[in-house]
Amino acid sequence: MPFLDRLQRWADERPDDTAVVVAGKRLGWAELRDAAASLATAAPALTVLAEPNSTHFVAAFAAAIAGERQCAVLDPSWPEPLRDALTARIAETVPAGCLGSGLADGPPDSPFLIGLTSGTTALPKAFSRSRRSWQLSFESSVRFFGLRPDDKTLAPGPLAAGLNLYALAECLYAGSEFHTLESFDVGDAHAAVSHDGITRLVLVPAMLRLLSERGLAGGVDASGVRSIICAGSKLDARTLEAARRWAPKATIFEYYGAAELSFVAGAGLPPGRSPDPGGTGIGKPFPGVEIRILDDGGAPVPEGRDGNVCVRSGMVSDGYLRDDDGGATLQSFDGWFTVGDQGYLSAGVLHLLGRGSDMILTAGTRVYPHEVELALASVPGVAAAVAAGRADELHGQRVMAAVLPAHGGLTCTQLKTGVEEVLARNKRPLDYYLLAELPLTDRGKLSRALLLEWITGGDPRVRRLG
């Protein structure tokens with residue numbers, strides 16, 4: 001089961017209480033149950049949802065996973081040919097089978113959700129997840145984040161994104177009120193925080209920075225927010241400082257997870273606690289999760305040495321769909337699963353360094369761009385940073401970094417001085433650049449390869465600092 005039995009329970013016990021609010025449009029628990037039940041009668045074995053945030057989306061998602069049905073959620077902003085190609089490929093993997101009737105959960109070990117994650121292939125990789133894996137995830141995350149029935153959660157991003165879709169389902173499971181917007185808008189999010197009694201935010205770091213900095217400038221009261229949950233990348237010092245000032249009573253959580261692995265490790269920063277500037281520590285394992293660091297041959301590495309972050313838990317997905325990414329399972333070492341992220345353990349805390357493919361080998365030292373970027377993000381005046389390695393005859397690869405200034409200008413001396421206490425000497429950049437804008441892919445992801453193209457091609461959006 002994921003949450004349909006819980007939805008039935010809340011609808012019976014609290015029919016008129018608010019379950020979901022999308023851009024001001026409200027659904028009570030009984031309304032949501034009835035809307036989902038009416039859609040479930042005609043739902044096929046596979047439903048592909050590709051639509052913007054709405055109350056209809058919420059009801060359609062609940063209906064799409066009733067019985068033994070499966071649902072795939074695609075980003076509606078993706079080009080139509082991409083969505084069509086993904087739909088066709090996913091449809092080939094879903095058997096007809098017995099669907100079941102009514103709004104009821106299917107067998108715990110049956111697949112119900114087909115997730116998508118970016119990969120090395122032309123199309124995003126598709127993987128399946130069982131009902132049991134999400135139930136275990138709910139039990140773990142509700143305990144870890146302290147989700148309460150009286151919480152009001154705002155996840156202002158698209159429900160097509162895994163972070164927000166999970167937050168919706170987690171709230172339905174816990175009987176806790178869920179809010180979202182038709183599309184992300186700072187003003188609309190501030191209005192929800194100010195007027196709807198939001199106590200909990202679930203969002204990515206870029207959204208948190210915007211809400212915090214503009215909220216401080218505009219006098220938006222966030223004193224009622226009790227918890228902030230961030231994922232997608234580690235929070236930099238500037239974002240943490242702004243969030244702490246804007247929501248002074250909130251515990252700020254950040255965690256590491258992967259779509260295929262679910263939750264892995266995380267930590268909460270209580271009110272008044274100072275963060276570790278430039279640190280790579282992400283926290284201790286989630287409840288029910290074991291972590292090992294293994295080398296490429298599957299052997300354990302000593303504490304403090306980096307290697308593949310490998311996980312064992314009941315929350316891990318069933319693996320990739322057949323013929324997807326060259327195999328049907330995640331990479332594993334005797335039951336320990338990894339997606340290729342690198343890190344190390346120290347005193348039980350996972351330190352996340354980034355993907356092995358991004359590693360820079362310079363003068364015999366292994367440098368991960370992620371740790372350089374975190375160090376630079378803690379320097380006053382830096383809004384964002386990107387690091388990469390460039391071929392070099394003397395060093396093998398040369399560490400270089402580019403920064404986007406928060407305001408005014410930045411000098412090379414400021415940047416060098418700013419990382420002295422955070423980065424070891426052999427990991428510090430040798431060249432610094434100033435950016436007019438961040439090098440992003442067409443899907444909005446930071447691209448180190450694009451940065452190198454800009455530098456080698458003399459692009460005007462990047463300028464070397466002397």
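Helices (H or I, at least four residues) and strands (E, at least two) are DSSP runs, numbered from the N terminus. The model on screen is predicted, so to speak of local features a pLDDT of at least 70 is needed, side-chain atom pairs count only at pLDDT 80 or more, and totals for chains, interfaces and linings use all residues. Residues are numbered from 1 along each chain as its sequence is written, and side-chain values use heavy atoms, with hydrogens and water left out.

**First stop: arginine 209**

Select arginine 209, which lies in helix 8 (residues 205-218). Is this residue buried or exposed? Arginine 209 is buried, because its relative accessible area is 12%, and buried here means under 20% relative accessible area, with exposed meaning over 50% and partly exposed in between (1.4 Å probe, protein chains only). Show its surroundings next: not counting residues up to four places away in sequence, arginine 209 touches Asp236, Arg238, Thr239 and Ala383, where contact means heavy atoms within 4.5 Å. The side chains of arginine 209 and threonine 239 are joined by a polar contact of 3.0 Å; such a contact is a pair of N or O atoms within 3.5 Å, and within protein one must be able to donate a hydrogen and the other to accept it, while residues adjacent in sequence count only if both atoms are side-chain atoms. A polar atom of the arginine 209 side chain also lies 2.4 Å from the backbone oxygen of alanine 383.

**Second stop: helix 7 against helix 8**

Axes are lines fitted to C-alpha atoms, for helices over the stretch in contact, and angles run from 0 to 180 degrees between N-to-C directions. Val186, Ala189 and His190 of helix 7 make the contact with Leu210, Leu211, Arg214 and Gly215 of helix 8.

Move on to the open sheet with the order 23-24-25-26, whose four strands show mixed pairing; two strands pair if DSSP finds at least two bridges between them. Strand 23 and strand 26 (462-465) stand at the edges with a single partner strand each, so one side of each has no neighbour in the sheet. Direction ignored, neighbouring strands of this sheet are turned by 30° against each other on average.

Select strand 23 (residues 382-392) and strand 24 (residues 396-405), which pair in the antiparallel sense over 10 bridges and form a hairpin with three residues between them. Within this pair, alanine 385 stands opposite valine 403. Strand 24 and strand 25 (residues 431-435) run parallel and are joined by four bridges, and alanine 401 has tyrosine 432 as its bridge partner in strand 25. Finally, show helix 12 (residues 448-456), which lies across strand 23, strand 24, strand 25 and strand 26 and runs at about 75° to strand 23.

**Last stop: threonine 47**

End at threonine 47, found in strand 3 (residues 46-49). Threonine 47 is buried, with a relative accessible area of 15%, and, leaving aside its neighbours within four places in sequence, threonine 47 is in contact with Ala64, Gln70, Cys71 and Ala72.
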